[in-house]
Amino acid sequence: MKSRSIIAGLAAVLAASVATAAQAEPVFNRIASFAVADNLPDGTDPKTPTSSEIIAATEDGNTLVYSDSPLKAIGFIDITDAKAPKAGGTVSFDGEPTSVTVVGGKALVAVNTRESFVKPSGLLAVVDIATKKIETTCDLGGQPDSIALNKDKTIAAIAIENERDEEVNDGAIPQMPAGDLVIVSLKDGAPDCATVKHVALTGLAEIAGDDPEPEFVSFNGNDEIALTLQENNHIVILDGKTGTVKTHFSAGTVDLEKIDTKKDGVIAFTGKKEGQKREPDAVKWLGEDRLVVANEGDWEGGSRGFTIFDKTGKVVYESGPSFEYAIASIGHYPDKRNSKGIEPEGLEAATFGEDNLFFVLSERASIVGVYKDTGAEPELLQLLPSGIGPEGAVAIPARNLLVTANETDLGEDGLARSHVMIYERAEGTAAYPQIRSADKDGLPVGFGALSGLAAATDEPGKLFAVSDSVYASDPAIFTIDATQKPALITEKLRITRDGAPAQKLDIEGLANDGEGGFWLASEGNTDKLYAHALLHVNKKGEIKQEIAIPAELRAGEIRYGFEGITTVGEGDDMVLWMAVQREWKDDEKGFVKLVSYKPSTEEWGAVRYPLEKAEQGWVGLSEITINGDYAYIVERDNLLGKDAKLKKLFRVALSELKPAKLGETLPTVKKEEVRDLIPDLKALNGYVVDKVEGFTIDAAGNGYVVTDNDGVDDSSGETLFFSIGPVNAM
């Protein structure tokens, strides 16, 4: 395992990304994203679930075709202008498309039409791309999964999975009927249904050999087919012309050390798993004699990486947890779903210029790893942010494009929709990540869910951040060097109580105490037994004081409490100010409290802050920081994508912050808009994220913003961290 070298290599790549354009190597950057829901037919409920799973491109590279299983359709996207993709319509089927490829002006679509798990069926449909008409279909005799074409597009291979019912016997196999492989000849782009050939695959795998479940197919330039049997943990190499099995071998197992195996709110690479079956999903050829497989480990779970084999089954390279480490170093590690790790699932391989590249898609981390095939140990070049659950990808080298299809659609929950994302390779610098962590003892310092920022008073670019209740078992304060590109998390300070990690906290804001320690604001949640509270920690992270909110406040509390904390004054004159996120029970609609607390006298007070009106969803506060004569406040709606309308920075003059006693009539402050943050959130050409949660101003007067990625839970995992420049100039 080469985890240390991979992390060091990634750090070198990220450091090199600040080189001048004249010196820079080509890099991929996202140039556009397309919400699949924008392709719904007219009159369809816009909340109808959609998904982009497997994706292909026309030969001219101007049209994308993707499978959409929930909609029982394939969709088209016009990328003639790749920076401005346009909806191209859909074609519906009496079944679920599972895969798609393109030959000439036709889309070949594998469609699952099964009646039940024990009565699988499917067809291969030919769709004319220009007219969007289904021209013909071929009976496949089973439930298809992946489809691939050979180099000259005269042969199609379709994996007939006949997948198992995961509700039967805990999903264990065998579960009949067995799957097989279909090979069909093409003439002028059209399949000849009379040539459909079923290739039996029984008796090959050591695991449930009588019930092969083919998952993914890929051709090399010699018309050889690589086929994965995921649940059988097996790989088969066949002659694509005759269907003869040339060789086959077990995908084998991996022993993993220094991995995170517990869903416990702590990112800790201290566990191990031995003898983990690779359970390969996608497979791609690297030349004619080697193949790379994505080890999803979806069934028994946890293999975490990818493997390069030669076609005899010899392991040429095993990634182990190195890809996972690189992902953790940029805040994308999915702790809440980590029994299976990052789950590499999809793959693409292509030659761009003189570089042979392959792309590994992590389903659970929502990241694409860009690797250079060196013939030996591959070189990790970049980590690209994707939508939620990248499933398929297509490279278009003639246009220097890479496209990913991201299957997860959370529209019914008011969250992100399924997206297709487009990246372009060009000389320049990598735009993502915008923040990463240093490694410690060869392992990354895991982070995520950054929810508040503060700045050192005497060192420009030195910032502090906290993570929220996603990591409730390991609350921490992170030190950030924002002078680096990307910004670098250099230290992690655990927040402790009586020597152990403090529990029942949801830290949403922090402020310097002037003595090397911090004041923290913890947001309460009665359902989880979290209290609304202020905490005072020393420079070692030890909680020295816990201050509960007074009864006058507690009487009106709801879950949405303190979302930021800041200080004004020094010594006995110091006053803490906290921003309450939403209206509490005693607030007039459209107004929230800015709450004050003076530690020297234990006096509480508050003022009223007027919220912007929400077109939909809700509006609240996410941060407060005092600098100079103003308190700067982040106000946002809880919407994302095209629905997001309000992500703004306002300021209130300190002269307005004259608190009344709790229980009295509170004065209403006047606010002034400083900056609309939505253009900043669009800068990386993804969808607008909802949680702008941290803002501070450093010792040089520059403003910094960070977004909360929810610990990659129902989120793409993207953490946006950027400077808005000198605040006083705004």
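## Stop one: the cavities

The lining of the largest cavity splits into five nonpolar, three polar and two charged residues. Here Ala, Val, Leu, Ile, Met, Phe, Trp, Tyr, Cys and Pro count as nonpolar, Asp, Glu, Lys and Arg as charged, and the others, Gly among them, as polar. To see that lining, select Val266, Ile267, Gly446, Phe447, Gly448, Ser467, Tyr471, Asp474, Phe478 and Lys492. The volume inside is about 50 Å³.

A quick word on the model: it is predicted, so local features need pLDDT of at least 70 and side-chain atom pairs count only at pLDDT 80 or more, while totals for chains, interfaces and linings use all residues. Residues are numbered from 1 along each chain as its sequence is written, and side-chain values use heavy atoms, leaving out hydrogens and water.

What is a cavity here? On a 1 Å grid over the protein atoms alone, it's a set of points where a 1.4 Å probe fits but cannot get out, and lining residues have an atom within 4 Å of a point. Points are joined across faces, edges and corners, and the volume is the space filled by probe spheres set on them.

Now hop to the second largest cavity, with a volume of about 30 Å³. Its lining includes Arg30, Tyr687 and Glu718.

## Stop two: a salt bridge

Keep Arg30 and Glu718 selected: they form a salt bridge, with the closest N and O atoms 2.8 Å apart. (That term means a side-chain nitrogen of Lys or Arg within 4 Å of a carboxyl oxygen of Asp or Glu.) Arg30 sits in strand 1 (residues 26–35) and Glu718 in the loop between strand 55 (702–707) and strand 56 (721–726), so the pair ties together parts 688 residues apart in sequence. Strands are DSSP runs (E, at least two residues), numbered from the N terminus.

Are these two buried or exposed? Arg30 is buried at 7% relative accessibility, and Glu718 is buried too, at 8%. Buried means under 20% relative accessible area, exposed over 50%, partly exposed in between (1.4 Å probe, protein chains only).

For contrast, select Lys272 and Glu274, whose side chains meet in a salt bridge at 3.8 Å, N to O. Lys272 is exposed at 54%, and Glu274 is exposed at 56%.

## Stop three: Asp468

Last, pick Asp468, in the loop between strand 36 (462–467) and strand 37 (476–481). Asp468 is buried yet has no salt bridge; Lys691, the nearest side chain of opposite charge, is 5.9 Å away.

Methods
1 Å grid on protein atoms, 1.4 Å probe; cavity = no way out; pocket = protein on both sides within 12 Å on 5 of 7 lines; lining within 4 Å. Helix = DSSP H or I, 4+ residues; strand = E, 2+ residues; numbered from the N terminus. Lys, Arg positive; Asp, Glu negative; His and termini not counted.
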